[in-house]
Every structure is written in C-alpha cells, then in structure tokens.
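Morning, everyone. I have one structure to go through today, and I will keep it short. Please have a look at it first.

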Amino acid sequence: MPIDAVAQGWLWWSVLVGDHSLNGAPLTPTHHPTKMNNTIQVLINGNQVQGQIDEIAKILGMVSETMAKPVSSTLDEELLPFNKFAIRELSPHLGEELATQVVEKLEKCAKSFYPDFRNFIGMYRKVGSIEQRQLLKTLSAIYRFKFGRYYNDSSKYSLKSEIKYATICPHCGAIANAFVMRLTKEGLW
C-alpha cells in the first residue's frame with residue numbers, strides 16, 4: 001500500500017475520531033479552559049486600574065455603595081442657594097452649628113477682594129475625626145473651584161482632579177458626588 005493512501009486513511013480516521021480537522025490541525029484548544037488569568041484592567045472615572053479580579057470587585061462594590069447612598073432629597077435643590085445647599089449636605093456629618101460656621105467661613109473667604117482660602121485653615125481644628133477633616137478638605141476644594149479666580153487653568157484642573165478623587169472615597173464620596181452634580185447643573189463642571 002502506498003504511503004499516500006496510508007496517510008490519507010490516517011487523516012480521515014483522525015477526523016472521524018475527532019482529534020484533528022480536515023487540514024490536520026488539532027481540534028483541541030491550545031489553552032486549558034480552567035486556567036484563567038486572574039488580573040483585569042478597568043477604567044474608573046477616567047483612571048485605568050489593573051489588579052486581581054477579587055480586589056477590583058471589592059473596589060467597585062465600595063464605589064457602587066458610595067454612589068447608591070442617598071445624600072438628600074433633590075426636589076428643591078435648584079431653588080436653594082449654594083451656601084444653603086452646602087449647610088444641608090454637611091449637617092448630618094458635622095452638626096447644624098458647625099456646618100453653618102464652616103460654610104460662613106468659606107463664604108467669607110470666597111467673597112474677599114481676591115478669594116483667599118488660607119483663612120479657612122483654622123476650621124480643621126474644630127472637627128474631631130480624620131473623615132471630617134477629609135470632608136472639609138473636599139469642601140474647601142469645591143469652594144475654591146467654584147469661587148476662585150484663576151489666571152491659568154492648571155490650578156482649576158488640579159482642584160477638579162482632587163474633587164474627582166474625593167468622589168471615590170467611601171466616607172465623603174456621596175457628598176462630593178452631590179456637589180459635583182450641583183456644579184454640573186450650574187454649568188461649572
């Protein structure tokens with residue numbers, strides 16, 4: 001029997017059994033289906049994050065929990081001035097009196113001839129926890145972004161980046177997100 005006939009018979013037999021295709025290529029996959037790559041790349045708020053699937057799922061869970069928390073009712077949000085809106089958002093976290101003091105101090109800093117927020121530094125001593133200090137830092141960045149006068153855009157972009165990163169924070173992310181929504185409605189974001 002010639003070798004060509006034997007080879008062709010072997011090829012047809014392997015196709016019938018299921019080991020190879022008609023062109024002789026193996027039908028079994030070259031990779032093992034149970035071996036999976038455990039790393040993933042995700043784009044969150046314009047930032048590319050790479051890590052283990054479990055860790056990314058945990059981070060996304062924290063972000064979705066932060067975004068899902070109701071901050072306040074938005075029925076009359078457009079009717080409120082910005083300072084009253086800020087007091088309403090801060091009151092559950094700082095108390096009514098301290099929230100009013102913080103907003104009045106920020107308003108005083110913003111309404112000076114040239115907005116100077118260095119006078120706000122003393123307010124950090126009035127809060128107790130690190131979460132409250134971070135909340136004041138975020139609120140200060142929001143007021144500087146809204147009321148500051150900048151000759152170049154780099155300072156404004158730095159503040160916008162700081163506020164954007166605060167929206168991811170599990171503690172003050174919901175409040176920062178509420179202020180971002182407010183700035184968006186005013187056409188400033």
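Before I place any residue, a word on terms: helices here are DSSP runs of H or I with at least four residues, numbered from the N terminus. Also keep in mind that this is a predicted model.

With that numbering, Tyr 114 sits in the loop between helix H4 (96-110) and helix H5 (130-147). Is Tyr 114 buried, exposed or in between? Its relative accessible area is 41%, so Tyr 114 is partly exposed, since that class lies between the 20% and 50% cut-offs. Tyr 114 also belongs to a nonpolar surface patch, together with Phe 113 and Tyr 151. The accessible area of those three residues together is about 510 Å².

Next, Ile 53. This residue is in helix H2, which covers residues 53-68. Ile 53 counts as partly exposed because its relative accessibility is 35%. Gln 41 is twelve residues away from Ile 53 along the chain, and their C-alpha atoms are 8.9 Å apart.

Now the chain overall. The protein chain has seven helices and two strands.

How much of the chain is buried? Of its 189 residues, 31% are.

Last, contacts. Taking those between residues at least 6 apart in sequence, 46% link residues at least 24 apart. That is it from me.

Notes: Residues are numbered from 1 along each chain as its sequence is written. This is a predicted model: local features need pLDDT of at least 70, side-chain atom pairs count only at pLDDT 80 or more; totals for chains, interfaces and linings use all residues. Side-chain values use heavy atoms; hydrogens and water are left out. Buried means under 20% relative accessible area, exposed over 50%, partly exposed in between (1.4 Å probe, protein chains only). Contact means heavy atoms within 4.5 Å. Patches are made of residues with over 30% relative accessible area and no salt bridge: like charges are joined within 9 Å, nonpolar side chains (Val, Leu, Ile, Met, Phe, Trp, Tyr) within 5 Å. Accessible areas come from the Shrake-Rupley method with a 1.4 Å probe; for residues, only the protein chains shown count as cover. A salt bridge is a side-chain nitrogen of Lys or Arg within 4 Å of a carboxyl oxygen of Asp or Glu.
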